[in-house]
Amino acid sequence: MTTLIKLEIVRALRNKKFMFFSVIYPPALYLIIAGGADSKPIPGMKLDMGLYYMVSMAAFGAMTAVLLGNSERIAKEREQGWVRQLRLTALPGRGYVAAKIGAAATVSLPSILLVMIAAAAVKGVRLEAWQWLSIAAGTWLGSFVFAALGVAIGYLATGDAVRPISMLCFFALAFLGGLWMPLTILPQWVQNIAEWLPTHAYAALGTAVEGGSAPHVKDMGILLGYLILFAGGAAWLYRKDTRKA
Amino acid sequence: MVSFQGVSKSYGAVRAVADLHLELHPGETVALLGPNGAGKSSTLDLLLGLRTADTGTVSLFGTTPQRAIEQGKVGAMLQSGGLMEGVKVKELVGLARDLHPRGYPLDRILATAGITEIADRMVGKLSGGQEQRVRFALATAGANDLIVLDEPTTGMDVSARQTFWGAMRRQAQEGRTVLFATHYLEEADEIADRVIVLHRGRVLADGTSAEIKARAGARRVTFDLDEPIDRGALEALPLLTSLEVSGRTVRIQSQDADATVHALYGLGLYPRNLEVAGLGLEQAFIAITTASDATPATAEEAAR
């Protein structure tokens, strides 16, 4: 099982094109969106644009890399028959899911760090050392949830359908979770739904820390719940996959 | 150790496997022989737990296919088994070794499969035959009790094929049970000590290749006759399975050529240019499957 995780990580690192865009894209987007913003607090929040977007773009970038990357590659691997071959080994379903999450996490970590570096260097974001560390760790660990979702989608959808399905999940989650714009400027009913989405809880980890407090237990609970749901579902689908794909 | 009890599997209206009963015993090398669409791959998929049967049960080593695979008792090489891309051959084989509860040393696996020279190559850059050898390495990365191969020599040239079967024989000599699907009759004839002929998802014949040939009428007898040919008398010859008369030439298939020829002289005939030849498995195979096509294959087809 550890060999598979190692191998998946090696593969991810060898895929230079994928690596480059996944890593470069979030900090670039961060600078474009938050670049021209002033340092006034966002309405209804204590944070300014530079701070808010640092967390949401780090989250967004990590999510892009792991969710879209995972689902498409898995659907492709199923089509090629590699997953069929893998199912003939003693590898348990959770091993497969763990390996895919591990590979995704390898890609997401540098992109998270780059967004934070860009925020500090260009936007002059200053935080306590513990805040930097907890934001990085929280965003990184939180990305596992979306990696697991990516694995599950890769199993639910085949070939042509996987891209639209993962894109739809991705945009809905990113928008409703407040990764693109602060939720406080959206209608109340959107905010009510958003509160229970993994993306909202994900970004909330970081914003809570930026505000000077520890992440809320509720958000961590929501993320953990989704992680168990997605990873369990993905492992189940891996073993149950009796289609020809 | 491998047991199919009344197993059926349909895809929509197509009945791929129909009420299959099958038992494999330890140490056998068994060929699953049949034309395309006979149900070979479906049977292997069911055996490996990649598909679930509509009815009946499949058991491996007294347990479910999935459990047997998790215990590392089965190695398999699939026709459609893709390989992981973006890794080196030795990394992929190392993965199979590490996943196996009783994996062999990497060098040994590579040598057995004949891929030591390409160990450092990227998996995506292999030829078809090389890919097949890598798949074989994945199937034999540990101490399995059963090896399942679905048309393993597809895409291999003649010499690669020979090397492959050499390696396979060694696996069998080490006491493993080997089950392979093929439509190459000579492979079944040469390698297997038991041949199961599958047709329309059913077992049509099951025995040694000599027995299969005997069942189809194992010997072919050809001769010329001068006098006007009395077809009725020839048809009455003992152990005859087919008769063909063209001009003065008579072609007979017989289960016992000696007895048939003896009876021929007994009729007072003087056959000239007498030739007795063994029937290849291929002809036997065609004889068996055509005979089956002529008669309704299943009860429900008869009811139609």
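Student: Is B:Arg251 buried, exposed or partly exposed, and why?
Tutor: This is a predicted model, and in it B:Arg251 counts as partly exposed because 14 C-beta neighbours fall inside 10 Å. The cut-offs are 20 or more for buried and 12 or fewer for exposed.

Student: Which element does B:Arg251 lie in?
Tutor: B:Arg251 is part of strand β12 of chain B, residues 249-254.

Student: And what does B:Arg251 touch?
Tutor: Leaving out residues up to four places away in sequence, B:Arg251 touches B:Arg220, B:Thr222 and B:Glu244.

Student: Where is B:Asp189 relative to B:Arg251?
Tutor: The C-alpha atoms of B:Asp189 and B:Arg251 are separated by 24 Å, and the two residues are 62 apart along the chain.

Student: OK, sheets. What is the strand order in the open sheet with 3 strands in chain B?
Tutor: The order is β2-β1-β4, with antiparallel pairing. β2 (14-24) and β4 (55-60) of chain B are at the edges with a single partner strand each, so one side of each has no neighbour in the sheet. On average, neighbouring strands of this sheet are turned by 25 degrees against each other, direction ignored.

Student: What packs on that sheet?
Tutor: Helix α1 of chain B, residues 40-47, does, touching β1, β2 and β4 of chain B. The direction of this helix makes about 60 degrees with that of β2(B).

Student: How many bridges join β1 of chain B to β2(B)?
Tutor: There are 7 bridges between β1 (residues 2-11) and β2(B), and the two strands run antiparallel. B:Lys9 has B:Val17 as its bridge partner in β2(B), and B:Val7 has B:Leu20.

Student: What is in the turn of that hairpin?
Tutor: 2 residues separate β1(B) and β2(B) in the hairpin, and B:Gly12 in the turn has a positive phi of about 60 degrees.

Student: And the pairing of β1(B) with β4(B), over how many bridges?
Tutor: Those two pair in the antiparallel sense over 5 bridges. Within that pairing, B:Ser8 stands opposite B:Thr55 in β4(B).

Student: Where does UniProt put "transmembrane region" in chain A?
Tutor: The unreviewed entry places that feature at several spans of chain A, including residues 168-190 and 220-238. Residues 220-238 are 100% helix and 0% strand, and their end C-alpha atoms are 26 Å apart. For residues 168-190, the values are 52% helix and 0% strand, and the end C-alpha atoms lie 17 Å apart.

Student: Which residues have the most contacts inside the largest nonpolar core?
Tutor: A:Met54 and A:Ala148 do, in a core of 146 residues. Helix α3 of chain A, residues 49-80, gives the most to this core, with 17 residues. Not counting residues up to four places away in sequence, A:Ala148 touches several residues, among them A:Val97, A:Ile101 and A:Phe230.

Student: Last one. How many residues does each chain give to the contact?
Tutor: Chain A gives 18 residues and chain B gives 25 residues. On the side of chain A that touches chain B, α1(A) gives the most, with 6 residues. By class, that side has 7 nonpolar, 7 polar and 4 charged residues.

Methods:
Residues are numbered from 1 along each chain as its sequence is written. Chains are lettered from A and ligands numbered from 1 in the order in which they are written. This is a predicted model: local features need pLDDT of at least 70, side-chain atom pairs count only at pLDDT 80 or more; totals for chains, interfaces and linings use all residues. Two residues are in contact if their C-beta atoms, placed from the backbone, lie within 7 Å. Helices (H or I, at least four residues) and strands (E, at least two) are DSSP runs, numbered from the N terminus. Ala, Val, Leu, Ile, Met, Phe, Trp, Tyr, Cys and Pro count as nonpolar, Asp, Glu, Lys and Arg as charged, and the others, Gly among them, as polar. A nonpolar core is a set of buried Ala, Val, Leu, Ile, Met, Phe, Trp, Tyr and Cys residues joined through C-beta atoms within 7 Å. Two strands pair if DSSP finds at least two bridges between them. Axes are lines fitted to C-alpha atoms, for helices over the stretch in contact, and angles run from 0 to 180 degrees between N-to-C directions. UniProt positions are given in the numbering used here, feature names are shortened, and annotations may be inferred rather than shown by experiment.
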